[in-house]
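Subject: Structure for your files

Hello,

Here is the structure we talked about, with the sequence alongside. My notes on what was found follow below.

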Protein chains: 2
Amino acid sequence: MPNTDVISFSRGAPSLDIVDTEGLKAAAVAALDADPARVTGYGTSVGYPLLREWIAAKHNVAIENVLVTNGSMQADAFLFDELVAPGSPVIVERPTYDRTLLGLRNRRGELHPVTIQADGLNVDELEGILKGGVRPTLAHIIPNFQNPAGVTLSGDKRRRLLALADEYDFMIFEDDPYYDIRFRGEQLPTMLSQTDLSKGASGRVAYACSFSKTVCPGLRTGYLVGPADLIKKIATAATNTYIAPNMFAQATIYQFAASGALDKSIATVKGALEERVDQLSASLRAHLPGAEFVVPDGGYFLWVDLGEGVDCAKVAAAAADEGVQVVKGTDFVIEGGESCLRLAYSAVHADRIDEGVRRLAKAVEATRA
Amino acid sequence: MPNTDVISFSRGAPSLDIVDTEGLKAAAVAALDADPARVTGYGTSVGYPLLREWIAAKHNVAIENVLVTNGSMQADAFLFDELVAPGSPVIVERPTYDRTLLGLRNRRGELHPVTIQADGLNVDELEGILKGGVRPTLAHIIPNFQNPAGVTLSGDKRRRLLALADEYDFMIFEDDPYYDIRFRGEQLPTMLSQTDLSKGASGRVAYACSFSKTVCPGLRTGYLVGPADLIKKIATAATNTYIAPNMFAQATIYQFAASGALDKSIATVKGALEERVDQLSASLRAHLPGAEFVVPDGGYFLWVDLGEGVDCAKVAAAAADEGVQVVKGTDFVIEGGESCLRLAYSAVHADRIDEGVRRLAKAVEATRA
């Protein structure tokens, strides 16, 4: 009989205890009190003006470089619609976020996967592909605490990537929802901060981020930062799609940030996730001693390689029977990933993690038998 | 020197005094108190479950027939993406909502305009087009207080349209954001209510509505009702676009409805708009006695024909100089509309309307001189 007391390492979402619902209530009320006309009105497709300004200040760019969207996946979709035509060569990380792969495949982009290492994208491999004649329009990079690999692109590799983008004339899509969720180690400068967006074609970075990981997913607020001409084109597409994104949610986020609740929320999230990842690492070492993984310095995900001979689809199914949910590695690559799993620790309380890993170990054992 | 104290008849949006911001504050707090996990979580692309159920009950359909979106224009966009390919024949009203025309043109639909009369679409004209061999995939109809014409499709014409959809195998897109804003006369049954969505291909209506006109635009919440298989396809497209629409805004709308604030808000809006349209009609008769128009029984818009020899582009420009904004009729048709204007009375307080029409009359006079 399947275990009904399920522990889920499957979804990259926060547990409710690390969401500041009281702060959100106050922020929603403050938004309607402070700016009722703009909060209840249509607004325009670039987003709620005060949040747009706040984002521009955070990233030290002009407001013309910012578009606030209904979640950052909507920003991805607009960007792909603008830049990816059928047959467009696109660099993706291997492994990478499954929804990114799907979005690019649905637009019939020609995908060129580049291996992820412990310090992020294998830039030598990318350079080889470029020297081999591939001329990408876009390279999709999740620089911090990559989904699903959990690794972070080193500062040196960021600089090399920017140089390659300049040399081979492609845009870096810096997809960075986990930036603020670094719970140890030093923050690395974004590639966005190392490019000059005002320099036309040399503004080679489009940067996406989200409030889903720092506030909560249900307010569906993300944003895109990029060259002003690109943002303008996407703003037109956004107008034609939905007139404007959610003014009420965006104004609530703005008030949440302006009141200081956002900083407190980020501290809460980081504290909880650090505890969870430490527990997860310890439990994996204890119950699955052959497993290989890089301990993330932030973010939501740990990528574990269970070694040769393991079939992640069988493991995931057996784990579900044991009452623990995981996502199989094959979901995040075009080919391969059979021995890997993605474990999201964002939603599992520290005191439940060891039990989850015990169940997982039992499932792995069962598939080996 | 242009008049800086502008009166705007241009935008179909409510004035702030008819938006219940206190009710919205209470609803947002209630949403987070009652259901924090679902309000702050990702949710799924079909929308916030309790609002989806509420909508299904309102229209007497199954929840599988309902998808809640980020505004009803997003619902239109998904529906067009699903049904309109380049070259697809589509019936549109003449005149019709400018954003609808743009959305269909951007998808390279083959547009067949059918004239609007005082009781809505000229169904004889449509029948002639169908008999002539056109086989539309979709007929876009705004049945109540049409934008921009302000007229309502009669009950008899609704029945004839449904029969034609059956005979010629096309889908009616019943685009009905103004349904609840009838301030006089009897409510007519929707075409949705006269079709059986469970009957596969004979479920010939996709129905879109919105809370922008009954609550406010800033919460960007609309919805689509249609056959379950169509809704399922669109739900998949929505997942791939933004994972889920705004749970926080949708839960706030749900609480606003459940508390009774929605019914009060609708009564407020109807009272104010009836007063505004009565004043607008009286002022037009007084200051532009040659103008022809149908007095709307609801909604936001009055369509006025200023008669031969008038150039609406010149009038709109001259009006702007006089301090009154209007939208020229040519924006709402593929050809024609030169002598017409759309006047939105939703945002202009009754005591400002006469002054607005005086300015408009002066502008008309100036372009005739």
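Strand 10 of chain B and strand 11 (residues 301-305) of chain B pair in the antiparallel sense, over two bridges. Please keep in mind that this is a predicted model. Within this pair, B:Phe293 has B:Val304 of strand 11 of chain B as its bridge partner. Helix 10 (residues 261-287) of chain B packs on the sheet, where it touches strand 10, strand 11 and strand 14 (340-344) of chain B. The direction of helix 10 of chain B makes about 15° with that of strand 11 of chain B.

The sheet is open and has four strands, in the order 10-11-14-13 of chain B, with antiparallel pairing. Strand 10 (292-293) and strand 13 (327-328) of chain B each have a single partner strand and stand at the edges, so one side of each has no neighbour in the sheet. As background, strands of a sheet pair through backbone hydrogen bonds, either parallel or antiparallel.

**Helix 5 of chain B**

Which residues of helix 5 (residues 98-106) of chain B are buried? They are B:Thr100, B:Leu101, B:Gly103 and B:Leu104. Seen down the axis of helix 5 of chain B, these buried residues fall within an arc of 165°, so they line one face of the helix. In general, an α-helix has 3.6 residues a turn, so residues three or four places apart point the same way.

The buried residues of helix 5 of chain B pack against helix 4 (72-83) and against strand 3 (89-94), strand 4 (110-117), strand 6 (138-141) and strand 7 (171-175) of chain B. Just after helix 5 of chain B, B:Arg108 has a positive phi of about 55°.

**Backbone points to check by eye**

The peptide bond from B:Arg94 to B:Pro95 is cis, with omega near 5°. B:Pro95 sits in the loop between strand 3 and helix 5 of chain B. In chain A, the peptide bond from A:Arg94 to A:Pro95 is cis, with omega near 5°, and A:Pro95 lies in the loop between strand 3 (89-94) and helix 5 (98-106) of chain A.

- A:Asp169 has phi near 60°. This residue is in the loop between helix 7 (155-168) and strand 7 (171-175) of chain A, and A:Asp169 counts as exposed at 52% relative accessibility.
- B:Ile243 has phi near 65°. This residue is in the loop between helix 8 (228-242) and helix 9 (247-258) of chain B, and B:Ile243 is buried, with a relative accessible area of 8%.

**Helix packing in chain A**

How do helix 3 (residues 49-59) and helix 9 (residues 247-258) of chain A meet, and at what angle do their axes cross? The axes come within 8 Å and cross at roughly 50°. Helix 3 of chain A and helix 9 of chain A are therefore oblique to each other, and their crossing is left-handed. Helix 3 of chain A makes the contact with A:Leu50, A:Leu51 and A:Trp54, and helix 9 of chain A with A:Gln250, A:Ile253, A:Tyr254 and A:Ala257.

**A buried glutamine**

A:Gln74 belongs to helix 4 (residues 72-83) of chain A. Is A:Gln74 buried or exposed? A:Gln74 counts as buried, at 2% relative accessibility. Leaving out residues up to four places away in sequence, A:Gln74 touches A:Thr69 and A:Tyr242, along with B:Gln74, B:Thr241 and B:Tyr242.

Regards

Technical notes:
Residues numbered from 1 in each chain as written. Chains lettered and ligands numbered in written order. Predicted model: local features only at pLDDT ≥ 70, side-chain atom pairs only at ≥ 80, totals over all residues. Heavy atoms only, no water. Buried < 20%, exposed > 50% of the residue type's maximum accessible area, 1.4 Å probe, protein only. Arc of directions from axis to C-beta. Contact = heavy atoms within 4.5 Å. Pairing = 2+ DSSP bridges. Axes fitted to C-alpha atoms, helices over the stretch in contact; angles between N-to-C directions. Parallel < 35°, antiparallel > 145°, perpendicular 65-115°, else oblique. Left-handed = near helix turned anticlockwise from the far one by under 90°.
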